[in-house]
Amino acid sequence: MAKRHHRGGQWLMNIVLIALDTQRADHLGCYGYPKRTSPFIDSIARRGVLFERCYAPNIPTHPSFTTMLSGKEAITHNIVNIGGGVPIADGVRLLPEILKEHDYVTAAVDSMGRHFSRGFDEYCTYQWDRSNPTMLRKAETVNEKALPLIERLKQQAQPFFLFLHYWDPHTPYLPPPPYDRKFYPKDKDPYDPNNHSMDEAWAWEPFKWYFHDWMPGVTDAEYVINLYDGETAYMDHHLRPIFAALAPIQEETLVIITADHGEVLNEQLGYFDHHGLYEGNVHVPLILYWPGKLPKGRRVPGFVQNLDIAPTLLELAGIRDRDNMEGISLLPGIFGLRNGNYDEVYLSEATWQVKRGLRTERWKFIDSIEQDPHGRPMQELFDLQSDPEEQQNLAVSRPEVVKELKERLDTWVAQRLSETGRCVDPLGEQGKCGTRIGTQRPDDIVGAGATPLHKRQQAAAATIPAPEDLKTPNEVQDETRGVKLHGYVKK
């Protein structure tokens with residue numbers, strides 16, 4: 001194996017950043033989930049450092065990954081939603097670009113493209129086999145690229161940064177057997193016409209035809225949650241060979257496990273997607289594993305954000321932050337000097353709905369910039385101490401709390417706009433970019449009574465919609481660049 005370079009007598013560490021797309025923290029065993037979805041991840045958490053309350057402040061994937069890799073909040077980096085027309089802000093650099101300047105070999109196994117490929121010496125993309133319409137082997141597809149890449153990186157003289165992006169448990173939830181029914185009672189029928197727990201999901205126009213592609217006729221929401229958990233268990237199993245490949249260099253390799261965002265299941269209007277600033281979407285796992293270098297079994301209880309990952313990695317690598325990152329190092333929390341980095345966390349989203357939020361120790365306040373597509377009120381307030389599942393909106397009954405939190409949120413936005421030289425909030429300026437996914441089939445029944453997937457004549461499995469498939473109505477053309485703006489600019 002190649003001998004590692006060192007800087008100033010300090011051996012340089014390798015960094016492996018693993019992102020599990022759409023993984024809720026609270027559906028992992030190490031975060032208290034009672035089902036056995038994540039035995040391997042749980043074992044890593046027991047040997048590493050787990051952050052109990054890590055938040056993704058900017059969702060969904062595009063803004064979240066940009067925040068994570070830049071160490072800057074979305075008002076600074078300009079990526080507030082999924083789509084196409086707005087570039088990352090001038091001067092914002094990503095972690096692989098910075099590490100590459102400091103003798104790191106940089107590599108990724110990812111399919112995002114766009115600015116996420118910047119700074120990588122090797123950027124491996126992938127497409128999973130869709131020929132079996134009832135299953136997608138997404139994690140295995142990533143591993144097919146990742147394992148040979150790890151072997152090549154292990155032979156490098158320089159330290160390396162590796163980014164691995166898994167698409168489990170993102171929709172469509174189509175894990176292979178036995179994971180497809182691993183958490184569902186054997187005596188239950190997911191197509192029972194007397195079960196109405198999926199009625200609201202099938203009634204929501206923007207997503208119902210997409211759901212029809214991969215779970216036609218399902219009436220039991222518990223079965224769909226079983227599929228989500230099955231995806232997690234399948235992915236968890238396929239992380240084992242990655243860690244086995246890293247084992248010979250583990251003493252000099254830091255591994256991070258996290259997610260871009262979570263998922264609303266059936267606890268909120270949102271139906272198996274990741275819009276909504278609710279805990280299921282914004283509370284994400286964060287585990288750091290470096291045996292012998294970081295504490296074993298440390299659990300950090302306070303608020304941190306994925307904004308904090310990049311500055312932490314630079315500090316561990318002995319690299320001075322010259323990019324003015326806005327995150328805060330996690331090291332004081334890791335070594336017990338404090339319990340977290342924040343007293344409150346500010347949240348944003350702008351893909352299917354346009355909202356800002358503020359999460360304190362007790363309260364969650366959500367403020368709509370555009371009308372909610374589900375018809376929810378423009379302001380929501382939840383007492384997370386008495387109502388952790390955010391079921392009772394107290395905005396009307398507690399106006400004094402709404403007023404205080406709204407003022408704090410507005411003050412924070414104004415300060416951020418001033419700091420970045422902006423006059424307009426990019427959430428309101430760019431707006432939502434998603435209106436509908438899935439292809440309507442006029443001859444098909446949607447919901448109860450539809451032919452189940454395993455009985456359908458279907459050529460290919462459903463797949464994750466591309467940003468350009470969000471069916472935005474505002475196809476305004478940027479004449480200077482010749483591209484459609486996909487809803488970023490209003491008519």
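Mentor: Start with pairing: two strands pair if DSSP finds at least two bridges between them. Strands (E, at least two residues) and helices (H or I, at least four residues) are DSSP runs, numbered from the N terminus. This is a predicted model, where local features need pLDDT of at least 70, side-chain atom pairs count only at pLDDT 80 or more, and totals for chains, interfaces and linings use all residues. Residues are numbered from 1 along each chain as its sequence is written, and side-chain values use heavy atoms, without hydrogens or water.

Trainee: What makes E6 and E7 a pair?

Mentor: E6 (residues 105-109) has 3 bridges to E7 (residues 122-124), and the two run parallel. Pairing takes at least two, so they pair. Alanine 108 has tyrosine 123 as its bridge partner in E7. In E8, alanine 108 stands opposite phenylalanine 163. E6 and E8 (residues 160-166) run parallel, with 5 bridges.

Trainee: Why is E6 called mostly covered?

Mentor: Buried means under 20% relative accessible area (exposed is over 50%, partly exposed in between; 1.4 Å probe, protein chains only). In E6, 5 of 5 residues are buried. Val105, Ala107 and Val109 cover one side, Thr106 and Ala108 the other. In a regular strand, side chains alternate between the two faces of the sheet.

Trainee: How do you know that E4 pairs with E10?

Mentor: DSSP's threshold is at least two bridges, and E4 and E10 (residues 283-284) have 2, so they pair, in the antiparallel sense. Tyrosine 55 stands opposite histidine 283. E4 (residues 49-55) has 5 of its 7 residues buried.
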